[in-house]
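I opened my notebook beside the model. Here is what I looked up.

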Amino acid sequence: MKKIPVTVLTGFLGSGKTTLLNRILTENHGKRIAVIENEFGEIGIDQALVINAEEEVFEMNNGCICCTVRGDLIRILGNLMKRRDKFDHILVETTGMADPGPVAQTFFVDDELKHMFALDGIVTLVDAKHVHLHIEDSSECKEQIAFADVLVLNKTDLVSEAELDALQRRVTGMNSMARVLRAQDANVPIADVLDVGGFDLERALATKPEFLSPEYPFEWAGTFEVEEGAYELLLGDGPDPTMTLVSAYLDPGVVAHDRVEAERALRIWAQPALPASVATTIELGARQAASLQLMGRGPKRFTLVAPKSGRIGLFTQHLPAEFELQLVRHDVALVPAAEHEFTAGHSHDEEVGSVGIHLEGSIDGDRLNKWISQLLREKGLDIFRMKGILNIAGADNRFVFQGVHMLFDGREDRPWGTTRRANDLVFIGRKLDREALTRGFEQCLT
Amino acid sequence: MPDVTTTQPRRGTTELHPRWRATLGDYVVALGISADGQLCVIGAGDGRVVGLDVTSGRELFAVHAHHGGVLDVSIAPDGSRFATCGPEPTAKIWSRTGALIRELPGTRGTWVEHVAWSPAGARLAIAAGRRFRVCGPDGEPMFDSDTLPSTVTGLTWRDDGTSLAAICYGGVHIVPFVAGAKPRTLAWKGSLISIAWSPDGKVVACGSQDSSVHFWRMASGHDSQMSGYPFKPKALAWDHESKLLATGGDATITTWDFRGKGPENTHPIVLAAHKGVCTQLAFRPRSGVLASGSQDTSVLLWDPRRGAQEIGFAFLDDEVTALVWDRTGRALAGADASGGVTLWEVA
């Protein structure tokens, strides 16, 4: 029996959920759609069955773990399945303040719903103009962004291109797995929101392979050839009051964004950084990060000293373009031998973010199980979603899994075949400790 | 739920003898047989309510009762009328010939999801959203509940009609209809989804969303929980002596024995033969025989006191969605998710 896909629409009041809903319902897609609405919107459509229901969240015990589920969905979807004119698609429109966690968990834990429905995706609408009013203070707003498979930045006509880029960087920093779409009047292609496969790991990988690419707290790495002596780092006005910088000498021919070098830089990054004002002399290749203090308006010049000539990698927290960053010697800007922009893995938001970990080697299944169980027991409330593809020692097949809070679902997948075996894990959540997660995962290696 | 495979009846069991079969062509949501054993009322997923003659299976009436599907059906004890509800804000009362008598409003803005006639007298209880109400024989309101913590998921009357129980998240809300008695709440932190009140009124048993069965002894207020079911125990049934409680929640039927000090710390009687999850349970009136229906289309008869082997079998065409005995226990009606209805004669 083919499971009926369910799409969850979330977003703050005024973000355009109802507009999108109306667009989906009026578009001629031939689908029989049932809508469960927790927010009393103005849906003027006869073709679809629209059910208004009050959101009912309750805690339930599922074996040894507790999770919150949505009683209204269990009841209404159970009733809907008794109709012969069964539906091709279900849309759930949550209230503006809803936590998407219980909605997702409902489809993991209820035996009947699990059997009949498949959660296709969580689509979160973001009011590009007004989201900044809530994003700092509202945990719901952050959770809606963090849970999303698709983020629709709506009302793009009301903001500048630069503001949109900044918003996109910010939401991607919070949720690196989501696909980001831009829209006016929620005018996104219907197929991009109705057929997402967000909880289908295979699909997620096929459509967005970079979602498992490594994430670093730096957005940019540049490779330069330097002579012994002093350099200047010029910065213009940028969006943040500080920016962290790590530098490291490289072997000839090696580029800074090479995975090995990036991992090395990451370890330096994790140590406490040296606060650096324009009066500080920063040594290139020192095994300590520098936190450039950028308070005040106007351009800033930092002095960098190369103790020896050679190839150097610079890793910066933000993109050079954001600060008009230049490395200068004798008033001439150096052109990098190589440069690379990383997926924004770090969060501008301290609270909610994504952590992606890539490990070569094979994983001990028992140790992994123990680690994940303990992790979810202790941090499950703060881990919103996770996805992973693992190379389990002794197994010919890939092991794929995904989770929502404390619930997770894993299975053997297709054989590795000729693909390079490796392990990738992505967490999205609140107050994630990248170092601790990486260490824990590393300890599962055989 | 697991994928369905077909139950294989054991050798030596008897196949039930069908008196008639009917096809409604849509999911049977609810089925009732009137106390006089004449009228079978069926509510379907497409919103129709159909009356069949129990003797012949002939269609007596068919009405489009509820746009969007029937949710519940209840026949008045005197058989003169029945109540139905659907995804609409009113319950409907019909004559036994299928003529609409009146509509009863529930809570404004929500569906009426449950209707239940009192076994004694002509009180009708209806549940809508987080409230339930009781009406008199002509629809006059007699009682309105407070707003409960969540939507009411079930209603049942005590067998003597003196009290009504409503379940929702957080427990059972009991309202007595005798002078001087006070309402009671049997609290429990969980979402209750099914209820069965023992015929002697002493024990209230409920199935819970978290795959357990919870029961309360009314005299002492003492409660116990039976956990470990793989699925939600939606089907519950008491035998006429109030000693055996049969519970679904799995392909096997777990029957708790309340004789002596049980069922706490005792082993239940396990009835294993269905291959799919048990969806329906009904003890035969004035007998220890149990009828069970499954997701795998099978209907089985058991006599749990005598042994754990099935004693009769039959098949429908789809998941069993209703199973009801007539008052004499000589006829058993079953219906399925494709709209098939069969009436078997049981010797």
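I began with domains. The centres of domain 1 and domain 2 of chain A, taken over C-alpha atoms, are 41 Å apart. Chain A is divided into domain 1 (4-207), domain 2 (220-341) and domain 3 (352-442). These bounds come from an automatic or database domain assignment.

I noted the ground rules. This is a predicted model, where local features need pLDDT of at least 70 and side-chain atom pairs count only at pLDDT 80 or more, while totals for chains, interfaces and linings use all residues. Residues are numbered from 1 along each chain as its sequence is written, chains are lettered from A and ligands numbered from 1 in the order in which they are written, and side-chain values use heavy atoms, with hydrogens and water left out.

Next I looked at the interface. I found 29 residues of chain B in contact with 19 residues of chain A (heavy atoms within 4.5 Å). The two chains bury about 2100 Å² between them, 50% of it on carbon and sulfur atoms. Buried area is the accessible area (1.4 Å probe) that two parts lose on being put together, summed over both.

How many salt bridges are there between chain B and chain A? I noted six. A salt bridge puts a side-chain nitrogen of Lys or Arg within 4 Å of a carboxyl oxygen of Asp or Glu. A:E54 forms one with B:R130, and their closest N and O atoms are 2.8 Å apart.
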